[in-house]
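Biologist: Hi! Could you walk me through this structure, since I'm new to it?
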Amino acid sequence: MSQAPASLSIWARNISPSPTLAVDAKAKALAAAGEDVCGFAAGEPDFDTPEHIKAACAAALAGGKTKYAPTPGIEPLRAAIAEKYLADYGLKVAPSQVIVSPGGKFSCYLTILAICSPGDEVVIPAPYWVSYPEMVKLAGAVPRFVLADDRTGFRLTPAMLEAAITPKTKLLILNSPSNPTGAVYSRAELEALIAVALRHNLYVLSDEIYEHLLYDGVAFSSPATFSAEAAARTIIVSGFSKTYAMTGWRLGTTVAPAPIAKAVAELQSQTSSNATTFAQYGALAALKEKEKTAAALATMLTAFDRRRKFLHAELNKIPGITCQLAQGAFYLFPNISSFGLKSEDFCTRLLDEQKVAAVHGSAFGAEGYLRLSYATSDTIIAKGVERLAKFCAGLKK
Ligand SMILES: *Cc1c(COP(=O)(O)O)cnc(C)c1O
């Protein structure tokens, strides 16, 4: 909870600042002060944006693409995104159903605003991405958390979902691959969840921002591809940040059934207007120059996969820690409950004593865990996990 004065609105007083950004900022401040910090807190790829994407943006900027663009995005980009969904998943969407926004985060927020009225309930599986509950509250709606811990592989079961639904439930938020756990639902698991959601007439916000960051040959599936009924209730949020190492560009996408796409575009027209015009030309190159983009993505995935396996193996060597091998995104979510410390205290002491930055599980609605991002160098991962082992050994005494 923030320390805002009572004269501020209920929105300002009720919002919690992002704990992931806070831990990362603290780690970066320590590093700037000369400390040798091993940062596992960042929620972004450690790679730079591929050159061809930067070049296309630079050319657009030089060419005067500096004016307002249509609110939902430049036409060629909306068309390229629609083509991508058809090519990748066989999903037919019209460019008019595609909204380009200033970031996937904003796409999530506008989707929630388009669907939820005050008092509506939103089912959010925990561990959850830190922004969902706050966005739901900013719409006056009520988050209903369902904890799916490591006993179900951090995946919600249909029975758990069913039990969380009330007559007020309007929306289910799904995020596969998941931030913070890296868990990926199989198609069959998702189909079973969507069947429950459809039976209760819920909308589904499917946050697919990590759709291309998958390992071990697992396939991605989107609920929107399951049936016409599912497509009519599913809003896909994705974006360029994670797949193309473009976090600073602020470019997200929403693909929604026509009435919702229209509502999201209208909300965007009165809040942010279009995403940065010349940045959209960079995104267009990411989708159009397929071979270069695929090569850059393959390089990142090779590095992520190597680090994922290494970090997972090292974590499980530490007495007291157990960690599942996640198949997506760039996070692992080890269980530290055996140490009997609150995850926030564990992380504060870990940073103070060993200069290792990790985000406490409680920030994601799951006490007894840590989120470690392996979107950092192999050297830092090796050094950081060694320090973590030392820290844990000290706790065991
Ligand atoms: C990073 C992230 C987003 C969106 O990021 P943007 O940079 O705003 O596009 C959305 N959902 C999850 C779960 C994320 O981790």
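Modeller: Happy to, beginning with a term: a salt bridge is a side-chain nitrogen of Lys or Arg within 4 Å of a carboxyl oxygen of Asp or Glu. By this rule there are 25 salt bridges. Keep in mind that the model is predicted, with local features needing pLDDT of at least 70, side-chain atom pairs counting only at pLDDT 80 or more, and totals for chains, interfaces and linings using all residues. Residues are numbered from 1 along each chain as its sequence is written, and side-chain values use heavy atoms, with hydrogens and water left out.

Biologist: Which residue forms a salt bridge with aspartate 36?
Modeller: Arginine 387 does, with the closest N and O atoms 2.7 Å apart. The pair links distant parts of the chain, 351 residues apart: aspartate 36 is in the loop between α2 (19-32) and β1 (38-39), and arginine 387 is in helix α14. Helices (H or I, at least four residues) and strands (E, at least two) are DSSP runs, numbered from the N terminus.

Biologist: Is arginine 387 buried or exposed?
Modeller: Arginine 387 is buried, because its relative accessible area is 13%. Buried means under 20% relative accessible area, exposed over 50%, and partly exposed in between (1.4 Å probe, protein chains only). Aspartate 36, at 41%, is therefore partly exposed.

Biologist: What about glutamate 134 and lysine 137?
Modeller: Their side chains also meet in a salt bridge, at 3.3 Å from N to O. Both residues lie in helix α6 (residues 131-138), three residues apart, or about one turn of the helix. Glutamate 134 counts as buried because its relative accessibility is 14%, while lysine 137 is partly exposed at 30%.

Biologist: And which residues do shared partners join into one network?
Modeller: Asp46, Arg306, Arg307 and Asp378 are joined that way by salt bridges.

Biologist: Switching topic, how many aromatic pairs are there?
Modeller: The count is 18 aromatic pairs. Rings of Phe, Tyr and Trp (its six-membered ring) pair if their centres lie within 6.5 Å; planes under 30 degrees apart count as stacked, over 60 as edge-to-face and the rest as tilted. Phenylalanine 154 and phenylalanine 333 make an edge-to-face pair, 5.5 Å centre to centre with 85 degrees between the planes.

Biologist: Where do phenylalanine 154 and phenylalanine 333 lie?
Modeller: Phenylalanine 154 is in the loop between β4 (142-147) and α7 (158-164), and phenylalanine 333 is in the loop between β9 (331-332) and α13 (343-354), so the pair ties together parts 179 residues apart in sequence. Phenylalanine 154 and phenylalanine 333 are buried.

Biologist: Which residues form an aromatic cluster?
Modeller: Phe47, Tyr210, Phe304, Phe330, Tyr331 and Tyr374 form one.

Biologist: Now the ligand! How many residues surround it?
Modeller: The ligand is surrounded by 13 residues, and the closest are Gly104, Asp207, Ser241, Lys242 and Arg250. For this, a residue needs a heavy atom within 4 Å of the molecule.
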